[in-house]
Amino acid sequence: MPLLEVRDLVVRFRTHEGTIHAVNGISFDLEPGERLGLVGESGCGKSVTNLAILRLLPKPAGRIEGGSVRFDGMDLVSLPESEMRDLRGKEIAMIFQDPMTSLNPVLTIEEQMVETIRAHRGVTMAEARTRALELLEMVGIPQPEKRLKAFPHQFSGGMRQRVMIAMALSLEPKLMIADEPTTALDVTIQAQVLELLQRLTSEAGTALILITHDLGVVAGMTSRINVMYAGFIVETAATEAVFERPSHPYTVGLLHSIPHVGGEDAELIPIEGVPPDQRHAPSGCPFAPRCAWRVEACWREMPSLAPVAGEPVGRVVTSGPETTHQAACHNPPTPEEAAGGQPLRPGFVPAPPPGSDPVAGTPGAPGMSAAAQREGGQ
Amino acid sequence: MTSTVASLTPAAEARASRGLWRDAFSRMLRNKPALIGVFLIIVFVLAALLAPVLGPDGPYQTYPGASLKPPSQAHLFGTDRLARDMFTRVLYGAQISLVVGVVSVVMGLSIGVLMGALAGAFGGWVDAVMMRTVDVLLSIPGILLAIGIVAWLGRGYPQIMLAVAVTNVPIFARLLRGSLLALRESEFVIAARSIGASPGRLLVRHMMPNALTPLIVAATLALATAIIDVAGLGFLGLGPPDPRTPEWGTMLTDARSFLQRAPWLLIFPGLAISLTAIGFNMVGDGLRESLDPRMKR
Amino acid sequence: MLKYILRRMVAAIPVLFGLSIVLFAFVHLLPGDPTRAILGQHATPEAVARIRESLGLDKPMWQQYVIYMGQLLRGDLGASIVTGAPVREDFAARFPGTIELTIAALIFAAGLGIPLGRFAARHPQQWQDGFVTVISLLGISIPIFVLGLSLQWGFGANLHWLPTSGRIDPRLNISTVTGFMLIDTVIARSPQGFFDAAKHLVLPAIALGSIPLAIITRITRASVLDVSNEDYVRTARAKGLTERRVDDRHIMRNAWLPVVTVIGLQVGGLLAGAVITETIFAWTGVGKWVVDAIQDRDYFIVQGSILIFAIIFLVVNLLVDILYAYLNPRIRYS
């Protein structure tokens, strides 16, 4: 049974300037001990999804307006706040991006770690302190006794993040959510912290949701990836499958906008355009304005996740090693196009927005009209 | 969030700052307290302007036999000890408060901005001297400074204006200096310098417009304190030398002696001072919120 | 940390220096004879001669300044021109009254202001917030003298719950030991006296504390709101702590810092406001004394008082800075 089941989750922010549609109906599962990566650019809803799971959305603007979240069989959306509090820190732990601002500057590390432990377990101060020491050793902090009495500003960035990890794992949660844990750190420290995270979650069998915009980070850490864009999950697959056979134009674009060290002189193909303004309710596929593969249907209707070509027919598997590779696209790139980074169909022209010139924009298929071919030649 | 690089061409900049003002203006319109404040200020200014019309007999006119009378149809705010109409006196008092208040703040603003600009632009020992002077001024608590100046230089409008101005100078000087120092190090100024903008151009075109907005807010709020301080001086007997002058604070000294018998001597001038100050404070607060480019909500 | 304290103390010296120069220059730079400036209408020939001698007015300017500084450093603040009594002693006799009033006003302002600010911060943009904003606005907009007179009128004429002038009922005959009425009544073992003195404090403290109340309320609200949006508050909630704990240990512990600074800074304004409050409520303290002296042109009282106020103000600022550094681990341990 999956540890976490998210179904059709909708999150919106109601502000003076309008309603922001942050998450628009996403669904995914997570098995116990599984490591899932949530990838996407700023504003795609990856952090919001996880704040919603823990019901930590900024009040009063942020609200879950649809869908369900089931953790260990319990529905989290309707859970009373006091029970939700029990869960937080104990069953589900979260670490955040900037360890300097995520730790209280006026309390010592000891105070912050001990309060976490004692909030959920009836242990004495001494017992909690011992546990805190153990945890600091576990994450590799030298001289833990001295460090306990220190304040957050006396640590380096990498050390602070280790402390955050130690705090998060102190009660042996079933699920750890790491929101961009290494983005604020130097590259060399990043690797250390990630390695630590990987080792500790494997050893304890903790499930992990790793949120990042950096594909390099998820490559080594996760077994599965969800790619998000504008509040939708646009592709989901095992990690290797996402890298070997990206099946959504956005994913293709992402992979081709990263330079590969030691690779051939592949062109960097930036994704043109900007992310959509999420103050408008989505209509059609949100990636359409920037998509090189778009067809007419893309402007009208948001595609749902569907198994990509080549997947075994039959039941769709949503978690674990047998996960079905799915993409939400009306016109997914072929493997050759994915490798090349752009559509390779002769005479194919991305469908123009509805209401503009109706001549061009017929679905890419061999043997098109002369007019379309002339257009495609540009 | 996608970031937009601040364009440095004058045209684009002018467009950008006008955009900020237009945005602020529309936000002000939606801000109810600020609108109430504007209304109060308009009432205050109208009272000052229309005093001769609404109180045609003038503030010195006495009505024999009608001393210390409560409010009535003939005397809307009652009469004082010398049988003068309080309504007329309060209206004319608005003139005094308006003029003295505005002049004091303008004086304080000018001196303070000059000091702050010199300190912020030149730094070094100029800065040190300016700021030590400001510190000395600040070490004497507010109204004592004003009292000291008026008491020593004698009573009179120029002295009152100077005294109140001097209490404001430190605020403006510090504000401007702080803005200039912060802006000097800010990215867009460094960028402007990197394309070769001269220090003068830098100061006027790039830094001042940004430093302007907190000054406007501070000046509005300073008007509120100026009006209160001027009245305070009057209350302590340091107001305009002519004892017949209808200055709001001076009127309150009389109110003290007749507090139980004639409370209207306190109520109406007291309300006048308070409502005017409330008006300027509300507008100042509204401006501060509207001109803050960071959208916190 | 010690270095920090020393640095701050050293920084205060030039300010005091500057102030002494300003006060010195004031008399000597005014057009006309300095003795005239000092004595004004009290200028009898004997007085003129006395002043000339004690100030050494026939000596060169720099020597006069040295004499002046020497007197100041010895604590000699001169004598009242009117009564001849030494300024220092008269000041010391009256000062406790002002201190008592100031402390009472501060307790009122902080005791009411901090909870109000927190209350408003808990309900941002809702009616509770608006209500508190209005109170804050009234506090800074209604001048002390208007509020003071209104309180006197309200409680004097109509509701006789609270006395409207003086520090204590003179018929109780409490002897002055420390000058602090609340302490002296305890020393005199008079509970009736204690309560009477306390009652006398209420109205003046409210009038004087109205401005600090408004400011403290605002800064508490702003500080709590700012801190509530910080990342570490989110972390605290993510750890599953109760709202109460988040509020006390994470929000308030950090929100205190600016509030403490502001409270300290209010002291200067309170000393200034005491002047007006003491006048209205016939409170025997330094404030009223100084104003009377200004009007009488009793120069040495004014000069001495301003200097002492300035020193107090600077000392309080220094203490506030030290307190802030102590409370903020980032400064304490660096």
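Guide: A residue is buried if 20 or more other C-beta atoms lie within 10 Å of its own. This model is predicted.

Visitor: Which residues of helix 10 of chain C are called buried?

Guide: Tyr232(C), Arg234(C), Thr235(C), Ala236(C), Arg237(C) and Ala238(C). Each therefore has 20 or more other C-beta atoms within 10 Å of its own.

Visitor: Why is helix 10 of chain C called largely enclosed?

Guide: Helix 10 spans residues 231-238 of chain C, and six of its eight residues are buried, so the rest of the structure largely encloses it.

Visitor: What covers the buried residues of helix 10 of chain C?

Guide: The cover includes helix 11 of chain C, along with strand 6 (92-95) and helix 3 (99-102) of chain A. Just after helix 10, Gly240(C) takes a positive phi of about 85°.

Visitor: What makes residues of chain C and chain B count as in contact?

Guide: Their C-beta atoms lie within 7 Å. By that cut-off, 34 residues of chain C are in contact with 34 residues of chain B. Helix 7 of chain C gives the most to the chain C side, with eight residues.

Visitor: How do the residues on that side of chain C divide by class?

Guide: 25 are nonpolar, nine are polar and none is charged. With no charged residue, this side therefore holds no Asp, Glu, Lys or Arg.

Visitor: Where are the domains of chain A?

Guide: Domain 1 covers 4-222 and domain 2 covers 255-378. Their contact takes 14 residues from domain 1 and ten residues from domain 2. On the domain 1 side, strand 2 (residues 18-30) gives the most, with nine residues. That side has five nonpolar, five polar and four charged residues.

Technical notes
Residues numbered from 1 in each chain as written. Chains lettered and ligands numbered in written order. Predicted model: local features only at pLDDT ≥ 70, side-chain atom pairs only at ≥ 80, totals over all residues. Domains from an automatic or database assignment. Contact = placed C-beta atoms within 7 Å. Helix = DSSP H or I, 4+ residues; strand = E, 2+ residues; numbered from the N terminus. Buried ≥ 20, exposed ≤ 12 C-beta atoms within 10 Å, placed from the backbone.
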